[in-house]
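Visitor: I have a structure open and would like to talk it through. Could you guide me?

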Amino acid sequence: MTYQLVENLFAKDVVAEPIRAGFGRGLKAAGEADERVVALCADLTDSTQMSKFKEAFPERFVEIGVAEQNLVTVASGMARAGKIPFTSSYAAFSPGRNWEQIRTTICLNDQPVVVVGSHAGVSVGPDGATHQMLEDIALMRVLPNMVVIAPGDSVEAEKATQAIAASGKPAYLRLAREKTPIFSLEKSPFEIGKAYVLRTGKDITLLGTGTMTYQLLVTAEELKKHGVDAEVVHVPTIKPLDEATILKSVTKTGRVVTAEEAQINGGFGGAIAELLGEKKPLPLLRIGMKDRFGESGAPDELLEHFGLTGSKIASSVREFIGDTKQKRGKK
Amino acid sequence: MTQLTIKQLEHRAYVLREDVIRMLERAGSGHSAGPLGLADIFATLYFDVMKYDPKNPLWGDRDYFFLSNGHCVPIQYAAMAEAGFFPKEELMTLRKLGSRLQGHPERTKLPGLENTSGPLGSGLSQAAGVAQVLQYIDKQPHRFVYVVTGDGELDEGNIWEAAMFAGKYKLSQLIVFVDRNNIQIDGTTDQVMPLEDLRGKWESFGWHVQEIDGHNVESIRDAASMARAIKNQPSVIIAHTIPGKGVDFMEYDYHWHGAPPNSQQAKEALHKLRTLDGKITGEHQ
């Protein structure tokens, strides 16, 4: 089935919304669907978008205060008492501050607690490096039992939140602060563990997760002008990876690019490098943060600065294609 | 469950201590001092205070028990086996490959455990999460959540986050025993990180505080009873205990915090326990 995209995707007035807003709607919907869903927040209820749930179900919302270790461990206890707890804070603090508690009391203890890390990536902007969480994907994806999801837009985030609530598994949900253009439709599919081919092409596979998927769609448009036919695959579930979809695409194109608003080491790019290394060794370019921290700046400015916009990625990709052609001694 | 007399509970504690010595000797590693010091508290909790059904560990009306200092789990395993959660022979598999009795407790492996712990400071929060649900969401005031924490464990920041949380929400179904044995791995708690004024700390976080002799089963039982009666506050019972209690060469010595007895030491320890340190004689001599 072809994945249908929003029509005016590259227009200036494309509809954009923070991905976290979709989480807010999804959590309320999950709360309506299942009364076992509870929500806990560490003093960031509005900005992590838990306020909709709090208003609808005040008795099922627990304010924890600025205490991220307690946030996830109280949630573990609530799960033991039969609840499906969603915990939220900024990703820099949760899972940044409380990794061991997540490991022991959620993953090893196998409790269906959802760690929601909002404000992930450099696009957090002026707050600077302390608040721009870049290591969360790496931290969460090494944990057994943990599912890791970075939705590509707010519409998908809403679906992902509800799917996680229904899954009964520990999960990490990665959200971004700034508005991200919406590429998916209400009727677009979302299933945990599935990757989606958004655009078919034969020359190169562009694998995106979270906010970077939209940028890759822009990249593919740009590449088309230069005669490069790129396939764009959206990978919202970083763990478990949809190996079949990814391997099918890269086997066809023979070249791979990953893009994420996170450290490429250990992050999404790391996950893809592991997959290719074992199952399909191919030239790989990883776009993302390269073993460095971010800094203060306007969100757009920072994406540009770190080479994470569609056109910047297109330049990197063209260079990469040139290199791989040289190595192959073709054309 | 028939009510045990004070004498029977005291005896039960000594049986649990013997199991702990045998388990640790067989395992060849593990913690001796803490579990021995906690025997009276576990005997009283499992055979007098708590409601549970060993044949139906998920019984919907059970009390919850959270061991926050997971390294003391041998005494919990001994109590659970004695209570009928699993056969006593299984105690000898402690820390062995394939055993349900992991070196530190794992909920998913052994029915009857409510949590997975070992890294310190998180069990109290998990118990507080359950207490929150019982008090505010599921509204089951007849159920209680019991916790045992170490005193060295109180160095952890996570503990005080939980203490503040339970105080704010007045989690009156939450009842915590602090094993105040004054030792931790690097030395006495005073040397490593002084905890006093411990009573004052808990009180200032909004808790009802009792201090008891943690080897007096009557005091333990009464303190638990008082804690259940306290409304509008979570309860902490600071139980003063002797690390290694019952085995004289282990008592008060922090070097036994993380060490098991060898076979000679185990033999001697079992003799001390069975004779109540020479006060009685029996067929085993």
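**A helix and its surroundings**

Guide: This is a predicted model. Helix α8(A) is followed by A:G254, whose phi is positive, near 80°.

Visitor: Which residues of α8 (residues 243–253) of chain A are buried?

Guide: The buried residues in α8(A) are A:I246, A:S249, A:V250 and A:T253.

Visitor: Why are they on the same side of α8(A)?

Guide: They cover an arc of only 90° around the axis, and therefore lie on the same side of α8(A). As a general point, an α-helix has 3.6 residues a turn, so residues three or four places apart point the same way.

Visitor: What covers the buried residues of α8(A)?

Guide: The cover includes the strands β9 (196–199), β10 (204–208), β11 (230–234) and β13 (256–263) of chain A, together with the helix α9 (268–279) of chain A.

Visitor: Let us step back. What domains does the assignment give for chain A?

Guide: The assignment gives domain 1, covering 16–181, and domain 2, covering 196–328. The C-alpha centres of these two domains of chain A lie 26 Å apart.

Visitor: Now the two chains. How many residues of chain A are in contact with chain B?

Guide: There are 23 residues of chain A in contact with 25 residues of chain B. On the chain A side, α3 (68–80) and α4 (99–108) each supply at least two residues. The most comes from α3(A), with 9 residues.

Visitor: How do the residues on that side of chain A divide?

Guide: They divide into 8 nonpolar, 9 polar and 6 charged.

Visitor: What about chain B itself; how many helices and strands are there?

Guide: Chain B has 10 helices and 7 strands. Its C-alpha trace spans about 55 × 45 × 40 Å along the principal axes. Of its 285 residues, 50% count as buried.

Visitor: What radius of gyration does chain B have, and what would a compact globule have?

Guide: Chain B has 18 Å, which agrees with the value near 19 Å that a compact globule of 285 residues would have. Among contacts in chain B between residues at least 6 apart in sequence, 76% join residues at least 24 apart.

Visitor: Which residues have the most contacts inside the largest nonpolar core?

Guide: They are A:L173, B:F42, B:A43, B:A127, B:A128 and B:V145, in a core of 180 residues. Helix α3 (residues 39–49) of chain B contributes the largest share, 8 residues. From chain A, domain 1 (16–181) and domain 2 (196–328) each contribute at least three residues to this core.

Visitor: What is B:V145 in contact with, leaving aside neighbours within four places in sequence?

Guide: The contacts of B:V145 are B:Y64, B:F66, B:A127, B:V130, B:A131, B:L134, B:Q173, B:L174 and B:I175.

Methods:
Residues numbered from 1 in each chain as written. Chains lettered and ligands numbered in written order. Predicted model: local features only at pLDDT ≥ 70, side-chain atom pairs only at ≥ 80, totals over all residues. Contact = placed C-beta atoms within 7 Å. Helix = DSSP H or I, 4+ residues; strand = E, 2+ residues; numbered from the N terminus. Nonpolar A, V, L, I, M, F, W, Y, C, P; charged D, E, K, R; others polar. Domains from an automatic or database assignment. Core = buried A, V, L, I, M, F, W, Y, C linked by C-beta atoms within 7 Å. Buried ≥ 20, exposed ≤ 12 C-beta atoms within 10 Å, placed from the backbone. Rg over C-alpha atoms; globule rule 2.2 N^0.38 Å. Arc of directions from axis to C-beta.
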